[in-house]
Amino acid sequence: MNPFPWLSLLTWLPLLAGLGLLVRPIRSNRVLAAPSFIFSVFTSLISLMVVLKYAGGSETSQWEERMEWIPSLGIDYALGLDGLSVVMLTLSALIMPMALGACRLSGLTHERLAGCLLMIQGTLAGVFTAQNFFLWFFFYEIALIPAYFLIKLWGKPGSESVSLRFFIYSMIGSIALLVGYLALASALGSYEFKSLSEASATQWLPEALGKNLAWFNLPIKWIVAILFALIFGGLAVKVGMVPLHGWLPDTYEHAPSPVTMVLTALLSKMGLYGMVRMVMPLLPYTPWPLIQLTMIVTVVGLLYAAMSAMGQVSLKRMLAYSSVNHLGYCVMALLALARPAMGEASLLTAKEFALGGLAMQMFSHGLIAAALFYLTSLMEHRMPGKISVDGPGGLRAEVPHLAGWMGLAVFASIGLPGLCGFIGEFMIFRGVFALIPWAACIALPALLITAIFYLRMLQYVFHGQRKHGACSLTDLSRHECLLMMPVMALILILGWFPHYIMDLLNPTLIEAIEGMIF
Amino acid sequence: MLSWTVYLSFLASIGCFISPASRPERCRWIALTSAILTTMMALRVMLFQNPPEDGAIEIITHQAWIPTLGIHFLLGFDGISLVMVLLTGIASIAAILFSWDIETRANEFFGFLMALIGGVYGVFISFDLFLLFVFYEIAIIPKYFLIAIWGSTNKSYGAMKLVLYSFVGSALALVGILAAFVVSGAESFALQELIQFPYEEGFQRWAFPVTFLGFVILAGLWPFHTWAPTGHVAAPTGTSMLLAGVVMKLGAYGALRVPLTLFPMGASIWREELALLAALGIVAGALVALVQQDFKFVIGYSSVSHMGFVMLGLLATTEAGLSGAVLQMFSHGIIAGLLFAVVGRMIYTRTHTRDLQALSQFDLRRQLPFAGTVFLLAGLASMGLPGFSGFVAELHVIAGAWQSYAWLSLLAGLGVVLGVAYTMRALLASFWPAPHSVPAHVQSLPPITLPEKCGAILLLAATLLVGLYPRLLLDWVIPCLHAPMLQPLIERVSTI
């Protein structure tokens with residue numbers, strides 16, 4: 001269709017550039033953060049150009065690139081864009097330069113660190129545009145390697161064992177996912193995401209499973225349940241859902257804050273994105289009790305995460321648990337889609353709300369979490385050491401701008417109407433209330449708890465009297481402000497005009513909802 | 001042309017033996033030249049010939065050898081052979097480069113090494129089963145001397161155990177081959193003639209397991225694998241690379257060529273039990289690797305685990321499984337070679353220890369950054385990360401196994417997870433020990449030499465190339481699976 005492979009360029013250019021930085025021999029005193037920052041901005045600009053051109057087009061899937069790759073398994077090298085991909089691509093284009101810039105501003109200027117981040121930028125573009133499982137998994141796994149080294153080599157003391165735990169957890173999740181999806185793909189005879197959703201829509205999926213995976217004459221329900229458990233469980237590790245989140249708080253705390261930005265804003269989204277692509281088509285066939293069980297675990301888990309956040313002393317750990325809580329809403333919305341609508345219009349609308357909310361929440365959580373960790377990294381740079389939530393106090397007087405922006409990000413995270421966090425959460429709860437009311441009811445107190453611990457943090461860290469040490473900090477510099485402007489502006493703008501994002505998403509989401517058979 | 005791989009290797013072997021022991025460099029260059037030339041021959045065929053669409057065997061040489069017994073000197077190749085020949089070529093170049101430092105009796109060392117390589121080439125391109133068996137035996141003898149003379153750590157025990165296991169295996173395989181010949185009443189040992197004969201089910205019922213076990217003992221099928229780790233550890237580096245890299249493949253290749261091709265009915269009777277052994281081998285090998293203190297034993301047991309994938313793929317007897325098995329043979333040949341090269345040559349000859357605890361004293365990452373990078377990449381490849389050949393291969397195998405035995409593919413998945421664990425453990429203990437365990441003053445180590453760098457880069461390039469573009473091999477392998485020779489095997493499965 002399009003003669004020039006823009007999506008491949010977006011993927012491979014940063015990936016190879018990052019790799020190049022990693023294999024260059026180290027010489028002392030050579031820092032390369034500035035060129036790599038410019039490179040990242042450049043790549044992001046290309047992404048945004050692709051996004052704008054996509055928005056100008058009329059079809060839901062565009063920019064497809066396809067080449068035969070491994071014919072023995074019927075795998076193509078296929079990249080393409082639909083509404084969800086576009087939104088996630090936009091998010092990574094916004095966050096990655098900011099993370100690289102934040103590294104530079106907080107004194108992390110090692111060229112290999114920049115190389116790792118560039119590699120992640122490339123793999124993200126690959127993950128969000130891959131059209132089949134094989135290619136998707138390829139990038140999904142590759143992203144793990146630079147992430148591991150970012151945590152291990154530039155993390156706080158003690159990050160050795162933390163990074164290992166991150167790696168092992170991720171690999172176990174990946175293998176479960178791989179094994180599960182391979183079974184699904186060998187039953188369907190195709191690795192394309194599209195053929196999975198088509199098989200689900202045409203009700204051919206159970207037939208294919210029954211024909212090709214008749215293990216021990218298990219009923220099809222059981223087979224789907226096993227596949228659901230493997231695929232959902234594998235992805236849930238990446239998202240950091242509660243019983244599987246053991247790696248997350250330590251990792252987020254030990255990684256340097258700019259890296260944590262990427263981990264929470266983008267890498268955890270790979271898991272959610274995978275859920276939309278791979279778990280959603282399975283939902284109509286998954287046994288209802290299993291859905292209910294998973295739903296209970298999810299909502300109790302997100303409530304637990306909110307309460308844990310309240311109990312944290314370290315600011316970064318609090319933010320980490322808050323992320324677990326926010327992404328829990330997304331998983332809740334996804335599971336709620338399993339409720340049969342039976343053609344009832346109100347339930348169909350509710351499903352559209354839930355799915356739209358899920359996508360919106362993914363995007364806005366990306367923005368907000370990135371903003372929060374960005375500001376945290378600036379604070380860490382000014383006050384070395386752990387920042388505790390009952391913290392220094394009185395920072396607002398010293399750094400009014402930093403405090404102000406932190407306030408904005410915090411309120412967005414709480415879900416104040418008018419800021420972008422509200423839209424996603426509202427849509428999710430609107431949808432889930434209609435679909436599975438009890439789940440929404442259990443999850444609801446988490447919203448309140450979130451407000452409590454965030455406000456308490458604002459009060460103790462920024463307001464009141466400085467507790468000890470009256471060192472004067474410098475407020476935000478021009479560069480620091482400029483770097484976060486795109487994200488902050490979007491947090492404000494999307495709160496009032498969510499349709500900029502929703503218009504991109506809607507055709508794809510509606511197609512997906514209509515594709516679900518009941 | 002491809003038959004010259006065999007002749008040239010044996011010529012080089014003789015050349016090494018007759019050159020004086022005082023001139024080791026001459027032997028090295030003879031061996032290296034011959035290995036490079038033979039690899040070029042394989043590459044030439046692979047790159048400049050189109051794979052035959054029907055997967056037919058291209059006969060190179062066909063001459064009567066012992067006509068009264070129907071034994072022919074019959075050399076030929078198809079896609080699967082070609083892949084294995086290429087693997088042998090690459091692995092032997094690397095093995096020679098990593099044996100560059102051998103000074104004692106270098107003429108004999110390279111002589112035996114080239115004889116081993118010649119025998120291996122011979123197995124891969126023989127299509128007369130008797131000839132195949134002869135080459136199979138020829139490959140065993142030099143192994144013994146290579147380990148017993150130039151080895152380390154329990155070398156005579158390791159060498160003897162390896163040879164005894166190999167002979168037991170080949171005796172069983174010979175029984176199967178002879179029985180197939182006698183029962184069919186054919187006038188030739190040629191594979192293409194033997195497959196014409198419809199063996200009875202009762203005959204296949206016992207002939208298949210005997211022949212199959214005979215071959216896969218050399219491939220390290222659990223629980224007949226114990227020769228492999230001790231042999232690998234005892235062998236000098238170049239030999240371990242060849243042992244794990246290509247000699248174990250002889251067993252798997254033989255199992256594919258002889259029992260699976262000749263006795264498809266027997267295969268469908270026994271494949272579940274044998275596949276269970278293969279899957280157990282994947283997990284057991286990985287578990288044992290997880291607790292080893294000797295670095296080389298970690299790699300040795302990881303070979304057992306990875307070869308389990310080959311056999312699981314073979315026994316899945318689906319197209320995906322079989323092509324996965326061939327890919328895994330290639331991939332493991334390269335990766336195991338790389339791992340043994342780092343551990344046995346780059347580290348051991350410098351530090352004289354392979355104990356993981358002791359290695360943390362050397363601050364290896366800063367002293368040998370090249371070795372660190374190579375082992376990191378090789379470790380990632382061995383874990384089966386996408387981008388490296390191991391991933392494509394294991395993916396094919398698991399996909400194939402899903403169709404045949406669902407639960408075993410879960411076991412294989414567990415094996416991959418354990419693979420990550422033992423590789424990370426070894427990697428962290430050796431190259432990234434906790435900072436406080438590294439002494440302030442470390443004994444300085446000699447830098448990595450040029451031959452080592454060349455060998456490592458060659459192997460890394462091979463695994464990456466195949467990982468990113470598996471069609472390079474698959475275009476040759478897939479038509480062979482559609483060839484009439486393997487059809488009975490694959491069809492039997494799909495009808496069950």
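Is Thr317(B) buried or exposed? Thr317(B) is buried, because 26 other C-beta atoms lie within 10 Å. The threshold for that label is 20 or more. This residue belongs to a predicted model, as does everything described below. Thr317(B) sits in the loop between helix 12 (295-316) and helix 13 of chain B. Its backbone stands out too. Thr317(B) has a positive phi of about 45°, although it is not a glycine.

Chain A has 21 helices and two strands. Its radius of gyration is 22 Å, close to the 24 Å that the globule rule gives for 518 residues, so chain A is as compact as a globular protein of that length. Its C-alpha atoms fill a box of roughly 70 × 50 × 45 Å along the principal axes. Of the 518 residues of chain A, 58% count as buried. Now take the contacts in chain A with a separation of 6 or more. Residues 24 or more positions apart account for 82% of them.

Chain B also holds 21 helices and two strands. The C-alpha trace of chain B spans about 70 × 55 × 45 Å along its principal axes. Buried residues make up 61% of the 496 residues in chain B. Among its contacts between residues at least 6 apart in sequence, 82% join residues at least 24 apart.

Next, the place where the chains meet. Chain B puts 29 residues into the contact, and chain A puts in 24. Helix 18 of chain B gives the most, with 10 residues. By class, this side of chain B has 21 nonpolar, six polar and two charged residues.

The largest nonpolar core has 404 residues, and Met332(A), Ala252(B) and Leu312(B) touch the most other members. Helix 15 (residues 345-382) of chain A gives the most to this core, with 20 residues. What does Ala252(B) touch, not counting residues up to four places away in sequence? The partners are Val216(B), Ala219(B), Met307(B), Val310(B), Met311(B), Leu314(B), Ala325(B) and Met329(B).

Helix 14 (residues 315-336) and helix 18 (residues 420-435) of chain A pack at an angle of about 35°, with their axes 9 Å apart. The crossing is left-handed. Helix 14 of chain A contributes Tyr329(A), Met332(A), Ala333(A) and Ala336(A) to the contact. Helix 18 of chain A contributes Glu425(A), Ile428(A), Gly431(A), Val432(A) and Leu435(A). By class, that contact has seven nonpolar, one polar and one charged residues.

A few single residues are worth a stop. Tyr77(A) lies in strand 2 (residues 75-81) of chain A. It counts as partly exposed, because it has 19 C-beta neighbours inside 10 Å. Leaving aside neighbours within four places in sequence, Tyr77(A) is in contact with Met67(A), Trp69(A) and Leu135(A). Tyr77(A) and Ser8(A) are 69 residues apart along the chain, and their C-alpha atoms are separated by 9.9 Å.

Gly55(B) lies in the loop between helix 2 (24-48) and strand 1 (58-66) of chain B. Gly55(B) is buried, with 20 other C-beta atoms within 10 Å. Its contacts beyond four places in sequence are Asp78(B), Gly79(B), Pro479(B), Cys480(B), His482(B) and Ala483(B). Thr88(B) is 33 residues from Gly55(B) in sequence and 21 Å from it in space, C-alpha to C-alpha.

Finally, back to backbone geometry. Arg105(B) is not a glycine, yet it has a positive phi of about 50°. Arg105(B) lies in the loop between helix 3 (79-98) and helix 4 (106-125) of chain B. It is partly exposed, with 15 other C-beta atoms within 10 Å. Which residues does a cis peptide bond join? Trp222(B) and Pro223(B) share that bond, with omega about 0°. Pro223(B) is found in the loop between helix 8 (201-216) and helix 9 (227-234) of chain B.

How values were computed:
Residues are numbered from 1 along each chain as its sequence is written. Chains are lettered from A and ligands numbered from 1 in the order in which they are written. This is a predicted model: local features need pLDDT of at least 70, side-chain atom pairs count only at pLDDT 80 or more; totals for chains, interfaces and linings use all residues. A nonpolar core is a set of buried Ala, Val, Leu, Ile, Met, Phe, Trp, Tyr and Cys residues joined through C-beta atoms within 7 Å. A residue is buried if 20 or more other C-beta atoms lie within 10 Å of its own, exposed if 12 or fewer, and partly exposed in between; C-beta atoms are placed from the backbone. Helices (H or I, at least four residues) and strands (E, at least two) are DSSP runs, numbered from the N terminus. Two residues are in contact if their C-beta atoms, placed from the backbone, lie within 7 Å. The radius of gyration is taken over C-alpha atoms; the globule rule is 2.2 Å times the number of residues to the power 0.38. Axes are lines fitted to C-alpha atoms, for helices over the stretch in contact, and angles run from 0 to 180 degrees between N-to-C directions. A crossing is left-handed if the near helix is turned anticlockwise from the far one by less than a right angle, and right-handed if clockwise. Ala, Val, Leu, Ile, Met, Phe, Trp, Tyr, Cys and Pro count as nonpolar, Asp, Glu, Lys and Arg as charged, and the others, Gly among them, as polar.
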